[in-house]
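The entries follow the structure shown here.

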Amino acid sequence: MEIHNDLEISLELPVLAVRDVIIFTDMILPLFIGRDKSLAALEAASSVSRQVLVVAQKDQSQDSPAPEDLYRVGTVAQVMRQLKMPDGRQKILVQGLAKARITSFLSQSPFFQASVELLQEKPVEADPVELEALMRNVRDQSQKILMLRDVLSEEIVGLLDGIEDPGRLADLVVSNIRVKIDEAQKALETTDPVERLKMVNSILTQEVKVSAMQAKLDSEAREEMDRTQKEYYLREQIRAIKRELGDEASRDDEADEYRLKFQKAKLPKDVAAEAAKQLSRLEWMLPDSAEASIIRSYLDWIVELPWGVTTRDHLDLEEAKKILDADHFNLKKVKDRILEHLAVMKLSHRQKGPIICFLGPPGVGKTSLGQSIARAMGRKFVRLSLGGMKDEAEIRGHRRTYIGALPGRIIQGLKSAGSANPVFMLDEVDKIGADFRGDPASALLEVLDPEQNSNFSDHYLNLPFDLSKVMFITTANLLDTIPQALEDRMEVIYLSGYTSEEKVSISKKHLLPRLVKDHGLKNGSLTIQDSAIRTIISSYTREAGLRGLDRKLAAICRKIARKVAEGGDKRFRVTEKQLQRLLGPPEVLPEPKLFEGQPGVATGLAWTETGGEIMYIEVRTMPGKGNLYLTGQLGEVMKESAQTVLAYTRVNASVLGLESDFFDEMDIHVHVPEGNVPKEGPSAGSALLVAMVSALTGLPVPRDLAMTGEITLRGQILGIGGLKEKSLAALRLGIKRIVIPKQNLQDLDDHNEMPQNIKRKMAFIPVDNIGELLSVVFPEKSFNRQLKRQRKPRRVYRAPRRISKRRPSLRSDA
């Protein structure tokens with residue numbers, strides 16, 4: 001026992017842990033006790049001195065705190081009253097007697113029992129003037145906080161002014177304002193009254209700022225509410241006046257108008273139920289509230305969408321064929337696919353639309369082909385560009401909880417079309433991005449899946465919409481960047497580039513008549529010779545598509561239009577000799593003939609997103625220590641092809657007329673010009689081998705010969721993709737012979753789209769192995785026969801190798 005302020009206080013006390021309150025000396029406070037340990041501690045105190053040590057928990061969320069989870073300084077409290085509640089808890093009234101520190105825990109079960117030491121207050125040692133100023137400041141700030149909280153009264157002011165002890169004043173203030181537990185605990189542990197009062201003064205300074213800001217926010221909210229109520233009252237008065245004058249119809253007219261729109265829109269059952277529910281909410285809202293405006297926009301979207309509204313398909317196959325032929329030259333495979341779809345619809349009345357992907361280089365007519373398909377089928381046409389799209393909400397829409405929310409671009413396109421079965425073109429599907437806002441390509445999986453899109457749910461509408469009748473057409477330049485799951489949902493149709501003859505025909509039938517009309521010239525006033533068009537194609541453009549040709553023809557039309565506007569002749573005929581005057585010097589220079597007759601140079605073929613390309617491969621040898629240098633931004637696959645070529649050459653060195661150790665004192669440098677362009681793909685293996693053999697043997701490669709094919713270490717030549725595009729590129733540069741893998745002979749069948757004029761003008765030489773390849777390139781050398789006579793490995797039947805048709809991401813094909 002110890003005497004404190006004439007009270008006997010035991011130094012061994014039950015510990016009562018509390019969560020969110022700090023009890024100070026002389027403070028009377030009710031507490032609710034419900035935890036088992038707390039009830040046991042209270043029962044033990046009731047049987048002895050009715051004194052407990054009240055300490056706060058460090059973590060308020062813990063239900064069963066351990067000794068280390070409790071603060072060491074608390075307050076010895078006297079249990080004044082005790083009341084048992086119906087739910088088993090007890091309500092007690094306690095009064096703080098003295099501060100105490102726990103020196104040790106005597107027991108932890110069934111309650112905490114601790115040995116304590118009492119903390120004595122330090123005497124006041126401060127300048128009286130400074131102390132009085134500090135106490136006045138604390139009183140003033142306390143009153144200011146209470147006034148901002150609108151709880152200040154004369155009794156509280158009198159109570160604050162009547163306390164002269166700085167310690168008691170600090171305890172009273174900190175126990176009656178909302179202070180964090182850790183800050184109140186610091187004040188409890190401070191035994192110097194002046195220091196404790198300074199601490200409370202600092203807390204009050206911050207609390208005044210917070211309370212002032214809170215009062216300001218409350219005032220602004222109250223003013224806004226008052227303003228809204230005032231505006232509503234004034235609007236109601238205006239409505240009442242107009243109603244008396246007969247200038248305003250009933251407020252029910254808006255709801256009746258929406259109900260009429262619902263009937264005209266022929267909404268599905270679930271959509272009609274949701275629309276009626278939202279309209280009912282609108283009727284009970286203030287007409288000028290923000291939420292009412294959101295609901296009106298939502299209802300407007302519902303009634304304006306084409307629920308079940310479709311256009312009638314034109315199923316006359318002859319008429320559809322005429323339209324497709326009139327709009328586009330050649331493209332037989334694409335036209336046949338559309339006519340097949342129309343035939344199926346005509347016979348089975350099936351409405352589910354196919355999902356087609358047009359894959360090809362820029363400018364070959366992918367987008368315009370979609371417009372022609374819509375015209376041939378008698379459907380509306382909608383186009384959506386996906387290039388650079390990174391937000392999933394662009395496809396699925398925003399949820400209505402966001403400000404400015406809208407449906408996705410799919411639903412917006414259907415609304416603008418006014419039909420549930422348009423031809424919907426998704427342009428640049430290979431250029432979709434992704435970031436923290438989601439993955440639009442994944443959102444397209446539902447849109448482009450015929451088994452799922454009959455119940456497509458837009459986040460804004462939150463209602464199922466049937467997309468199964470929509471004919472989706474996507475376009476892409478590359479297949480590599482399209483996710484595999486998305487590619488699997490599409491039927492890919494390849495659109496290759498055009499030959500020069502095809503470009504001439506397209507220019508005369510389509511491009512030139514359109515440009516003459518667009519530039520205000522009369523029909524037949526401008527004629528361009530075929531030879532001039534061929535010169536434009538070869539000397540001013542080098543592309544798989546038609547965009548560059550279209551621009552050059554437009555430039556000629558502009559110059560002719562100026563002459564007509566200035567009063568010149570009405571008819572013009574453009575010849576090949578006039579092109580430099582109209583278009584300037586040729587922009588595409590012929591390939592340099594520096595490689596003519598030089599060993600170590602071979603012509604390869606590449607397949608890119610812009611069509612076919614010529615790729616020269618140079619190999620040079622030099623004295624060295626057996627190093628292989630690869631330059632020209634070659635990809636990993638192409639580097640591996642070069643390593644394979646070197647390995648094959650070393651294995652067959654004696655057959656090729658080389659020393660078996662030729663590589664020990666020699667370095668070989670392989671370079672592919674245009675070093676700023678990345679190059680990748682295995683089909684350059686044939687050209688790499690020929691260039692290396694040419695460099696090692698000193699035999700030149702014929703200038704009019706190009707080659708493509710993947711090689712193996714055993715000397716086999718495997719099939720490649722993009723033969724048509726590569727052939728077009730070779731034809732543009734005047735190459736007459738191409739060595740191809742024997743597996744690609746199927747690409748030359750009449751069933752494929754290899755143009756007949758290419759097959760007439762170019763010789764395709766199929767080879768099965770490297771011996772046959774070298775016999776074509778170097779027919780006069782005897783090592784070709786030796787390579788052919790090498791024993792082939794025993795043939796084992798395997799399923800035919802599937803030639804990949806996926807387009808590459810870099811310079812060469814895959």
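**Salt bridges and accessibility**

I looked up E392 and found a relative accessible area of 25%, so E392 is partly exposed (buried means under 20% relative accessible area, exposed over 50%, partly exposed in between, with a 1.4 Å probe and protein chains only). I work here with a predicted model, in which local features need pLDDT of at least 70, side-chain atom pairs count only at pLDDT 80 or more, and totals for chains, interfaces and linings use all residues. Residues are numbered from 1 along each chain as its sequence is written, and side-chain values use heavy atoms, with hydrogens and water left out.

I noted that E392 forms a salt bridge with R396, with 3.3 Å between the closest N and O atoms (a salt bridge is a side-chain nitrogen of Lys or Arg within 4 Å of a carboxyl oxygen of Asp or Glu). R396 is buried, at 15% relative accessible area.

I then looked up D325 and K335, whose side chains meet in a salt bridge at 3.0 Å, N to O. D325 lies in helix α10 (residues 317–327) and K335 in helix α11 (residues 332–348), so this pair ties together parts that are 10 residues apart in sequence; helices are DSSP runs of H or I, at least four residues, numbered from the N terminus. D325 is partly exposed at 36%, whereas K335 is buried at 8%.

My next entry is D87 with R89, a salt bridge of 3.0 Å, N to O. D87 counts as exposed at 52% relative accessibility, and R89 is partly exposed at 35%.

How many salt bridges does the structure hold? I recorded 31.

Terms used
Helix = DSSP H or I, 4+ residues; strand = E, 2+ residues; numbered from the N terminus.
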